[in-house]
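Open the model in your viewer and keep the sequence panel beside it. The tour below says what to select at each stop and what is there.

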Amino acid sequence: MHEAFLEQLYRWLEPLVDWLLASSRMEWLSGIVERFHMADALMLVAMLVLGASFGALFVAACYVTELGRQARFLTGRDRASNARLTTGSRLPGMVSLVDAVNAELAVADAERVEALRAADEFSRGLSALSHDVRTPLTGARGYLQLAREEADPSQRDAQLAAADARLAAMSGLLDELFSYARAADPDTPLELAPVSLRPLLEQVLLGHYPEFEEQGWEPALECEDVMVEANAEALARIAENLVVNALRHGSGSLAVTARLAGEKRLVTVEFSNPVADPSAIDADRLFERFYRADSSRATAGSGLGLSVAAKLAEAQGMTLSARLEGNTLVVTLAVSETRPL
């Protein structure tokens with residue numbers, strides 16, 4: 001009986017439930033529930049956006065504060081100090097930025113120190129050069145004064161010749177200074193072309209043959225018939241300066257040897273001759289401006305000849321190096337061979 005009653009009740013309620021589920025009022029109620037859940041979702045999204053915005057503003061404020069502190073440090077930093085940028089922040093990229101700035105500061109400090117050293121070296125070298133110019137000028141003036149007061153024509157001629165020699169020496173020093181300035185000027189590029197090497201070296205050596213003869217030396221030339229890529233005038237000046245250096249500071253005959261080296265089609269030209277005191281020569285500094293191996297200044301020269309040669313070589317893409325082999329100084333010029341068409 002109990003089961004029959006429940007079955008009858010179910011049959012009576014079933015149409016009512018179907019009617020409620022199909023009615024507009026039920027749809028309105030479920031809409032309210034859906035809108036309630038959507039409002040919660042929108043509220044959650046709004047809170048997330050607001051939190052992200054506040055976080056972004058906080059991070060931006062941290063960046064602005066830290067970058068402002070670094071900018072004030074860099075602006076007020078003494079250029080002569082070794083102070084470096086620091087940071088206690090671990091913001092993304094900040095440590096890398098500080099490290100990069102400090103690396104640039106280290107490079108700038110090194111360049112400043114090198115510039116000061118070069119300026120000091122140049123000042124001392126210029127002082128030495130001015131002494132070299134003043135010495136022959138004073139001598140020339142003295143000889144001219146003597147010639148003016150000399151009655152004997154032969155003596156007067158000798159004094160005038162001596163004055164002319166002093167003036168020629170001074171002119172040579174000034175020419176070397178001008179050549180160095182021109183070689184170091186990046187605004188005057190050298191035009192390169194194929195140059196026959198052997199005739200050029202022969203011409204330079206023949207131009208100094210009287211000086212070799214006076215020394216009792218017989219220069220030796222061993223050179224293959226090669227064409228090199230160079231500026232003929234600049235290459236001749238390099239060879240000229242190397243030969244003059246050998247004549248001034250060498251103690252034995254000069255040997256010039258040119259040969260092809262390796263697979264890179266380089267031609268190496270070696271200028272080698274003995275020197276009296278190898279211990280007085282610092283081969284690593286030989287091409288420095290105003291460097292002199294003879295600290296007593298007993299020999300002629302401004303200390304610019306080899307520096308001019310190095311600058312001219314650099315301007316043509318060549319390399320110039322020096323080494324000591326026992327008591328023999330070897331200066332090597334490496335130049336590219338002209339590539340065949």
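A salt bridge, as the term is used here, is a side-chain nitrogen of Lys or Arg within 4 Å of a carboxyl oxygen of Asp or Glu. Keep in mind that the model is predicted.

**Stop 1: Arg 323 and Glu 325.** Select these two residues and show their side chains. Arg 323 has a relative accessible area of 31% and is partly exposed. Glu 325, at 44%, is partly exposed too.

**Stop 2: Arg 198 and Glu 202.** Move to helix H5, residues 197-207. Here the side chains of Arg 198 and Glu 202 form a salt bridge, 3.0 Å from N to O. Why are they separated by about one helical turn? The reason is that they are four residues apart in this helix. An α-helix has 3.6 residues a turn, so residues three or four places apart point the same way. Arg 198 counts as partly exposed because its relative accessibility is 29%. Glu 202, with a relative accessible area of 31%, is also partly exposed.

**Stop 3: Arg 84 and Asp 109.** Select this pair next. Their closest N and O atoms are 3.1 Å apart, and the two residues form a salt bridge. The pair links distant parts of the chain: Arg 84 is in the loop between H2 and helix H3 (94-149), while Asp 109 is in helix H3, 25 residues apart. Asp 109 has 8% and counts as buried, because buried means under 20%.

**Stop 4: Leu 50, Phe 54 and Leu 57.** Turn to the surface view and select these three residues. They make a nonpolar surface patch of about 350 Å². Leu 57 is found in helix H2, which covers residues 24-76. At 58% relative accessibility, Leu 57 counts as exposed, since the limit for that term is over 50%.

Stop 5: Select Asn 241, which lies in helix H7, residues 232-249. Its relative accessibility is 8%, so Asn 241 counts as buried. Which residues does Asn 241 touch, leaving out those up to four places away in sequence? The answer is Gly 305, Leu 306, Val 308 and Ala 309. Now select helix H8, residues 305-315. Gly 305, Leu 306, Val 308 and Ala 309 are buried there, and so are Ser 307, Leu 312 and Ala 313. Just after H8, select Gly 317, which takes a positive phi of about 75 degrees.

**Last stop: the whole chain.** Clear the selection and color by secondary structure. The chain has eight helices and seven strands. Of its 341 residues, 30% are buried. The chain exposes about 22000 Å², and carbon and sulfur atoms supply 60% of that area. Among contacts between residues at least 6 apart in sequence, 67% join residues at least 24 apart.

Notes: Residues numbered from 1 in each chain as written. Predicted model: local features only at pLDDT ≥ 70, side-chain atom pairs only at ≥ 80, totals over all residues. Heavy atoms only, no water. Helix = DSSP H or I, 4+ residues; strand = E, 2+ residues; numbered from the N terminus. Buried < 20%, exposed > 50% of the residue type's maximum accessible area, 1.4 Å probe, protein only. Contact = heavy atoms within 4.5 Å. Areas by Shrake-Rupley, 256 points an atom, 1.4 Å probe, with all protein chains shown as cover. Patch = residues over 30% accessible without salt bridge, like charges linked within 9 Å, V, L, I, M, F, W, Y side chains within 5 Å.
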